[in-house]
Protein chains: 2
Amino acid sequence: MHLPLTASAGEIAAAVARVRNAGLTLSTCGVVYMTTEPEVRRAFAYAKEAGLRFLVGAPDEALLPAAEKAVKETGISLAIHNHGPTDRRYPSPESIYTLIANMDRRMGLCIDCGHTQRLGLDPAAQVERYFDRVFDLHVKDVSAADAEGTTVEIGRGVIDIPRLLGTLTRLAYAGTLHIEFEKDENDPLAGVAESAGYLRGVLAAA
Amino acid sequence: MHLPLTASAGEIAAAVARVRNAGLTLSTCGVVYMTTEPEVRRAFAYAKEAGLRFLVGAPDEALLPAAEKAVKETGISLAIHNHGPTDRRYPSPESIYTLIANMDRRMGLCIDCGHTQRLGLDPAAQVERYFDRVFDLHVKDVSAADAEGTTVEIGRGVIDIPRLLGTLTRLAYAGTLHIEFEKDENDPLAGVAESAGYLRGVLAAA
């Protein structure tokens with residue numbers, strides 16, 4: 001589904017060109033897991049090759065200093081992604097923020113709205129609390145505000161999307177939002193389209 | 001695409017069952033054009049066979065008394081549809097309203113938001129002006145507020161959808177809204193999904 005991290009420079013360049021030729025802006029990649037220092041170096045080299053401004057990742061906690069070093073060397077920011085109730089390292093935005101608060105300011109968060117809501121936390125409140133380090137959001141909706149929740153079309157679930165977008169607007173958020181849609185993986189177009197329409201409708205009415 | 005008006009009672013019953021079994025509510029049909037009295041009788045017989053509460057139609061102006069008679073006989077309302085700049089009979093909501101204002105109160109309008117906007121008229125204002133006879137809306141968006149406008153995904157065009165839905169909410173509209181999507185006729189699902197999402201987003205944020 002994604003371009004492998006082992007892709008050659010030529011493969012990366014071809015993929016980037018394909019995205020651009022489709023009229024899309026390639027903004028980031030991920031979630032990139034990193035369990036060794038070579039994997040940290042490979043992730044940032046890959047992001048640099050693709051011309052990315054930041055990457056969404058999940059380095060092991062012991063590798064955060066190595067990741068910070070890579071951020072400084074490459075100028076590429078790292079948005080660490082929280083994965084909810086079953087993620088022992090980074091379930092919540094707070095679990096990430098406390099580890100990086102004193103690191104380089106390009107070490108930050110990609111708040112996954114679905115996994116955050118599945119912890120019983122309101123994504124809007126979490127974004128506001130950790131706002132100075134929020135670089136990206138995985139926007140989605142989930143069927144329940146607990147570990148049983150699964151992705152549904154945005155607007156059909158339990159997340160208060162108008163509040164989330166209202167908070168981002170009020171705080172003049174300048175980062176990115178990416179729709180992440182794990183439902184209907186073999187034919188996700190209609191669900192993604194409905195989700196995009198919902199977000200645009202909320203913004204238009206607000 | 002649609003069940004023909006010449007369908008037998010058995011064919012109509014099978015189609016209605018198919019819709020219901022898919023979990024959908026079959027609310028109306030149309031646009032049904034009527035150019036002779038037998039066609040008026042056939043349209044209402046068809047609607048009655050399908051168990052419809054009202055039908056969306058466009059009888060010739062001279063047939064409006066026959067249509068009113070059929071409404072009284074069957075108890076099925078008629079929502080007359082305006083078709084915009086190229087429609088010589090019923091371009092605007094006003095062109096219909098003036099003809100039916102003194103007829104049975106079950107003679108009314110299906111305001112097509114796209115064709116109305118293509119006349120340079122704001123659908124929200126038109127709905128409010130003729131509200132007592134608005135039974136249904138064809139909700140869509142169009143690329144331009146003139147005869148050149150064509151259907152686009154709701155939210156991508158020029159119609160002020162938040163104002164339209166806000167007006168309907170404020171007036172406690174109790175009729176129906178149907179998405180009509182003429183774009184991508186061979187593969188309309190994504191566009192319809194985006195449109196539905198947009199409408200739900202606007203309503204959620206309002």
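Biologist: What covers the buried residues of α8(B)?
Modeller: This is a predicted model, where local features need pLDDT of at least 70, side-chain atom pairs count only at pLDDT 80 or more, and totals for chains, interfaces and linings use all residues. Residues are numbered from 1 along each chain as written, with chains lettered from A and ligands numbered from 1 in written order. Helices (H or I, at least four residues) and strands (E, at least two) are DSSP runs, numbered from the N terminus. The cover includes β5, α7 and β8 of chain B, together with α8 of chain A.

Biologist: How many residues of α8(B) are buried?
Modeller: Buried means that 20 or more other C-beta atoms, placed from the backbone, lie within 10 Å of the residue's own. Gly191(B) and Tyr198(B) are among the buried ones. Of the 17 residues in α8(B), the buried number 12.

Biologist: How many residues of strand β3 of chain A are buried?
Modeller: Ser77(A), Ala79(A) and His81(A) point one way, and Leu78(A) and Ile80(A) the other. In a regular strand, side chains alternate between the two faces of the sheet. β3(A) is largely enclosed by the rest of the structure, because its buried residues number five of the five.

Biologist: In β4(A), which residue is the bridge partner of Leu78(A)?
Modeller: Strands pair if DSSP finds at least two bridges between them. Four bridges join β3(A) to β4(A), and the two run parallel. The partner of Leu78(A) in β4(A) is Met107(A).

Conventions:
Contact = placed C-beta atoms within 7 Å.
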